[in-house]
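Hi there,

Here is the structure I promised to pass on to you. Have a look at it first, and then read my notes below.

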Amino acid sequence: MKKLNTHNAVILDTETTGLDRFAEVVEVSLICAESGKVLFNSLVDPVKPIPSDASAIHGITSLDVAGRPTFSEIKSTLESLLSDCDALLIYNESFDLRLLFQSFRYSGASSESVEDFRSFLQTIGLKTHCVMHWYAEFFGELNEHDDYKWQSLSNACLQQSINVSDLTAHRATADCEMTRRLIDAVNLKLESSEA
C-alpha cells in the first residue's frame, strides 16, 4: 500500500443539507495537506432551507447561512484553488464531488455552465484521492462482502489514537484537519513498515 502524497495537495470537505440527490452544500473548506493552512472556508446559502436533522449533525442552521454567498458566488474561487493543486484529497470523494455539482445545478446556473462545471469536476477526479477508501484498505477490516469496510472519519482518528480534542467534528475546516492528521499518522506507519 502506498503513502498519500501531500505535496501541493489540498484537502476538501463540505457540510450539507442531507445525503440525497436534492442535498446542497452549506459549508466548504479547503486546507493545505502539508501545513494545515486554511486556503478557503465559507458558509454557503443553499436554495432550500437546512433540515433540522442536518443542523443537529453539523450545527449549521438556515439563520447561519442567510446572506452568505450562494454556491454560484464561490464556484470560481473553488475552481481557481483546485486548478492549482497537484492532488485533491477528500475523505469521501464521491459524495463531496457530487454535492459540489448538485449545489451549482440547484443554484440556478445555466445548462451550459452546469455542464462546464461537471467537466471541471470530472477532470479534477483524475487527480482526486478518496482518503476513506485508502484508510479502509490500511485498516483492513472486511465487511460481509469481503470488501474493505469504510470507517467514519471520527472512528478512523480514534483507531489511530489521533488527538482531535481541539476540533469540532462535522464542521468543514475541522474535518479537513482531522483528515490531514489521519493521513500523516498512516503515512508515518507505512513509512516505518517499509524500513
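**The cavity and its surroundings**

The largest cavity holds about 40 Å³ of space. Please keep in mind that this is a predicted model. The structure has 1 cavity of 30 Å³ or more. Helix H3 (71-83) and helix H5 (111-125) are the elements that each give two or more residues to the lining of the largest cavity. H3 provides the largest share, with 5 residues. If you want to find the place on your screen, the lining residues are Phe71, Lys75, Leu78, Glu79, Leu82, Leu100, Phe117, Phe120 and Leu121.

Val44 sits in the loop between strand S3 (38-43) and helix H1 (52-58). Is Val44 buried or exposed? Its relative accessibility is 1%, so Val44 counts as buried. Lys75 is 31 residues from Val44 along the chain, and their C-alpha atoms are 11 Å apart.

Asp96 is buried but has no salt bridge. The nearest side chain of opposite charge belongs to Arg98, 9.3 Å away. With residues up to four places away in sequence left out, Asp96 touches Leu12, Asp13, Thr14 and Ile90.

Finally, the UniProt record (an unreviewed entry) places the feature "domain: Exonuclease" at residues 8-192. That span is 49% helix and 16% strand, and its end C-alpha atoms lie 23 Å apart.

Happy exploring!

Notes: Residues numbered from 1 in each chain as written. Predicted model: local features only at pLDDT ≥ 70, side-chain atom pairs only at ≥ 80, totals over all residues. Heavy atoms only, no water. Helix = DSSP H or I, 4+ residues; strand = E, 2+ residues; numbered from the N terminus. Buried < 20%, exposed > 50% of the residue type's maximum accessible area, 1.4 Å probe, protein only. Lys, Arg positive; Asp, Glu negative; His and termini not counted. Salt bridge = Lys/Arg side-chain N within 4 Å of Asp/Glu carboxyl O. Contact = heavy atoms within 4.5 Å. UniProt positions renumbered as here; feature names shortened; annotations may be inferred. 1 Å grid on protein atoms, 1.4 Å probe; cavity = no way out; pocket = protein on both sides within 12 Å on 5 of 7 lines; lining within 4 Å. Points joined across faces, edges and corners; volume = space filled by probe spheres on them.
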